[in-house]
Amino acid sequence: MMPGGRVARAAFVTIAVLAVAFALRGGVAHHAAAAGDCTVDASLDSEEKAFLTLINNYRQQNGLPKLAVSYTLTRAAAWKSADMANNNYFAHDDLSRTWVQRIRDCGYGFNTYIGENIAAGYTTAQAVFDGWKNSPGHNANMLGANYTAIGIGRYYRQGSPYGWYWTTDFGGFDDGWMSIAGPPAPVSLTTPSPAWTPAPAATPTAAARADDGRRRGRNWRWGAWRR
């Protein structure tokens with residue numbers, strides 16, 4: 001058990017919040033340096049393993065291949081859940097960097113599709129899976145045909161607004177369950193062209209009450225970006 005109660009008994013929480021992020025498309029794979037903070041316990045607990053089984057069964061039922069667990073994406077997901085719980089906020093971007101930069105900092109620097117789902121207030125894998133499944137934007141990430149890898153992280157902090165926090169990060173390149181002994185040498189990343197202009201945005205999903213909580217889903221387009 002890591003400080004702050006990564007694997008701990010959750011108090012009963014009746015409010016649940018979800019949010020969905022977007023995908024970045026790229027071409028060839030390039031690896032990035034883990035330059036920012038990514039200190040976290042990236043091992044999977046029983047509920048995180050249960051979520052992996054749930055999402056992979058769901059993908060197979062829809063004619064999609066299973067997702068492989070990525071150590072680097074799991075670092076990004078576990079760090080995110082802990083940071084939201086410890087700093088009392090709920091958003092994809094961290095307090096000092098974007099969600100994309102966090103994924104890069106945690107070692108997943110491949111120029112490929114990436115996406116993220118976050119949730120709060122859900123104790124079990126089944127509960128958060130059902131919440132995301134019933135939200136179109138989150139469900140689209142779980143059934144993303146361009147994704148081959150996933151990172152899963154949940155964290156509990158007593159006294160935080162929602163108790164349990166969940167994050168799943170998705171990637172289009174399977175880098176395997178690999179550990180990083182030290183920071184790799186910096187490399188240049190291929191980034192989206194700044195010449196791209198925003199396309200008309202889809203109408204944001206209206207807030208809905210479910211499971212005694214709130215859900216937020218937004219769909220944006222910016223070149224190859226989708227949120």
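Good morning. Leaving aside neighbours within four places in sequence, Asn56 is in contact with Lys66 and Leu67, where contact means heavy atoms within 4.5 Å. Asn56 itself lies in helix α1. With a relative accessible area of 7%, Asn56 is buried; the term buried stands for under 20% relative accessible area, exposed for over 50%, and partly exposed for what lies in between, using a 1.4 Å probe and protein chains only.

Before I continue, a word on the source. The model is a predicted one, in which local features need pLDDT of at least 70 and side-chain atom pairs count only at pLDDT 80 or more, while totals for chains, interfaces and linings use all residues. Residues are numbered from 1 along each chain as its sequence is written, and side-chain values use heavy atoms, with hydrogens and water left out.

Let us turn to the chain as a whole. How many helices and strands does the chain have? There are five helices and nine strands; helices (H or I, at least four residues) and strands (E, at least two) are DSSP runs, numbered from the N terminus. Along the sequence, their order is β-α-β-α-α-β-α-α-β-β-β-β-β-β. The chain has 227 residues, of which 51% count as buried. Among the contacts in the chain with a separation of 6 or more, 80% come from residues 24 or more positions apart.

I return now to helix α1, this time with its partner α4. Helix α1 covers residues 46–61, and it packs against α4 at an angle of about 40°, with the two axes 9 Å apart. Here axes are lines fitted to C-alpha atoms, for helices over the stretch in contact, and angles run from 0 to 180 degrees between N-to-C directions. That angle makes α1 oblique to α4. For the terms, angles under 35 degrees count as roughly parallel, over 145 as roughly antiparallel, 65 to 115 as roughly perpendicular, and the rest as oblique.

Which residues meet at this contact? From α1 come Glu47, Ala50, Phe51, Leu54, Ile55 and Tyr58, and they meet Ala125, Gln126, Val128, Phe129, Trp132 and Lys133 in α4. These residues of the contact divide into nine nonpolar, one polar and two charged. In that count, Ala, Val, Leu, Ile, Met, Phe, Trp, Tyr, Cys and Pro are nonpolar, Asp, Glu, Lys and Arg are charged, and the others, Gly among them, are polar.

What are the buried residues of α4? In this helix, residues 125–133, they are Ala125, Val128, Phe129, Gly131 and Trp132. Seen down the axis of α4, they fall within an arc of 160°, so they line one face of the helix; the arc is that of the directions from the helix axis to the C-beta atoms. In general, an α-helix has 3.6 residues a turn, so residues three or four places apart point the same way.

Next, Tyr108. This residue is placed in the loop between α3 (99–105) and β3 (114–120). Is Tyr108 buried or exposed? Tyr108 is buried, at a relative accessible area of 0%. Not counting residues up to four places away in sequence, Tyr108 touches Ser70, Thr72, Leu73, Ile103, Ile114, Gly171, Gly172, Phe173 and Asp175. From Tyr108 to Asp175 there are 67 residues in sequence, yet 8.1 Å in space, C-alpha to C-alpha.

Asp83 is placed in helix α2 and, at 13% relative accessibility, counts as buried. Asp83 and Tyr155 are 72 residues apart in sequence and 8.9 Å apart in space, C-alpha to C-alpha. In the loop between α2 (71–87) and α3 we find Asn88, whose phi is near 55°, a positive value in a residue other than glycine. Most residues other than glycine have a negative phi. Ala91 also has its place in the loop between α2 and α3, and counts as partly exposed at 30% relative accessibility. Thank you.
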